[in-house]
Amino acid sequence: MRLRNIPGAQEEIAQNKFCIHDAQQYKNNWNQFWGNSNPLHIEVGMGKGRFLMDLARLHPDINYIGIEKYSSVLLRGLQKMEIDPLDNVRFIRMDAEYICDYFGENDVDRIYLNFSDPWPKDRHARRRLTSHQFLERYDTFLAKNGRIEFKTDNDDLFQFSLDEANESKIWHIDAFTWDLHHDLVLSKDNVMTEYEKKFSDLGNSIHKMIISR
């Protein structure tokens, strides 16, 4: 996907109150940041923020953090927050490769991965957010009873993700479907992302996987 650069995006993000600029200091102590002991859910690669913000409205007793590395994309989420502020949502601009610098043991109760970059070339497999390298990172900070929810319309990436989870000694596949919107169980209470709506309208099947330890 080619992203359009927005002049001044980084400067706007640096001054925005909905973006956490000193996030590393809260590692192992995110309750201090929020001022409560509510569960923390994160979305890695949040895009424009629709999914996370819709979830936050439905669950005001859960804290949400959206992680996005592209300034021009993150800016769109921040602009939405300016129009409709939510006390239980904040954003961090960072590359997911460094996620362990921001979250420590038991910090996060749920991880959402939605329509992640498939990195189709084999030599880039380790960059996929469901690769065993990333699954090992998540293991360091996901709560004992936490889980990971992954959605995509990319067949190859989904099969890769199932294989990585199956081959892992850490993770267990709790549920999966190749056609989420026609799965009576997994589609219940489903919250769509921007990409999910777009791809579904094009007739693409949406895949979902839930894993835990």
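1. The domain assignment of the protein chain gives two units: domain 1, covering 8-100, and domain 2, covering 105-212. The model under discussion is a predicted one. Taken over C-alpha atoms, the centres of domain 1 and domain 2 are separated by 20 Å. At the contact between them, 25 residues of domain 1 meet 20 residues of domain 2.

2. An open sheet is formed by 7 strands, in the order S3-S2-S1-S4-S5-S7-S6, with mixed pairing. Strand S3 (89-93) and strand S6 (172-177) stand at the edges; each has a single partner strand, so one side of each is left without a neighbour in the sheet. From one strand to the next, the twist averages 20°.

3. Within this sheet, strand S1 (residues 40-44) and strand S2 (residues 63-68) run parallel and are joined by 5 bridges. Ile42 has Ile65 as its bridge partner in S2.

4. Helix H5 (residues 132-139) touches S4, S5 and S7, and the direction of helix H5 makes about 145° with that of S5. Helix H6 (residues 155-167) touches S5, S6 and S7, and the direction of helix H6 makes about 15° with that of S7.

5. The second largest pocket holds about 360 Å³ of space. Its lining comprises 20 residues, of which Arg110, Tyr112, Glu149, Asp189 and Lys208 are the closest to the centre of the pocket. The elements that give two or more residues to this lining are helix H3 (50-58), strand S4 (108-114), strand S5 (142-152) and strand S7 (207-212).

6. By residue class, the lining of the second largest pocket divides into 9 nonpolar, 4 polar and 7 charged residues. As regards location, domain 1 (8-100) and domain 2 (105-212) both give residues to the lining, so the second largest pocket lies between them.

7. Most residues other than glycine have a negative phi. Asp189 has a positive phi, near 65°, and is placed in the loop between S6 and helix H7 (194-201). Asp189 is also one of the residues closest to the centre of the second largest pocket. Asn28 likewise has a positive phi, near 70°; Asn28 is found in the loop between helix H1 (9-15) and helix H2 (30-34).

Note on methods: Residues are numbered from 1 along each chain as its sequence is written. This is a predicted model: local features need pLDDT of at least 70, side-chain atom pairs count only at pLDDT 80 or more; totals for chains, interfaces and linings use all residues. Side-chain values use heavy atoms; hydrogens and water are left out. On a 1 Å grid over the protein atoms alone, a cavity is a set of points where a 1.4 Å probe fits but cannot get out, and a pocket is an open set with protein on both sides within 12 Å along at least five of seven lines; lining residues have an atom within 4 Å of a point. Grid points are joined across faces, edges and corners, and a volume is the space filled by probe spheres set on the points. Helices (H or I, at least four residues) and strands (E, at least two) are DSSP runs, numbered from the N terminus. Ala, Val, Leu, Ile, Met, Phe, Trp, Tyr, Cys and Pro count as nonpolar, Asp, Glu, Lys and Arg as charged, and the others, Gly among them, as polar. Domain bounds come from an automatic or database domain assignment. Two strands pair if DSSP finds at least two bridges between them. Axes are lines fitted to C-alpha atoms, for helices over the stretch in contact, and angles run from 0 to 180 degrees between N-to-C directions. Contact means heavy atoms within 4.5 Å.
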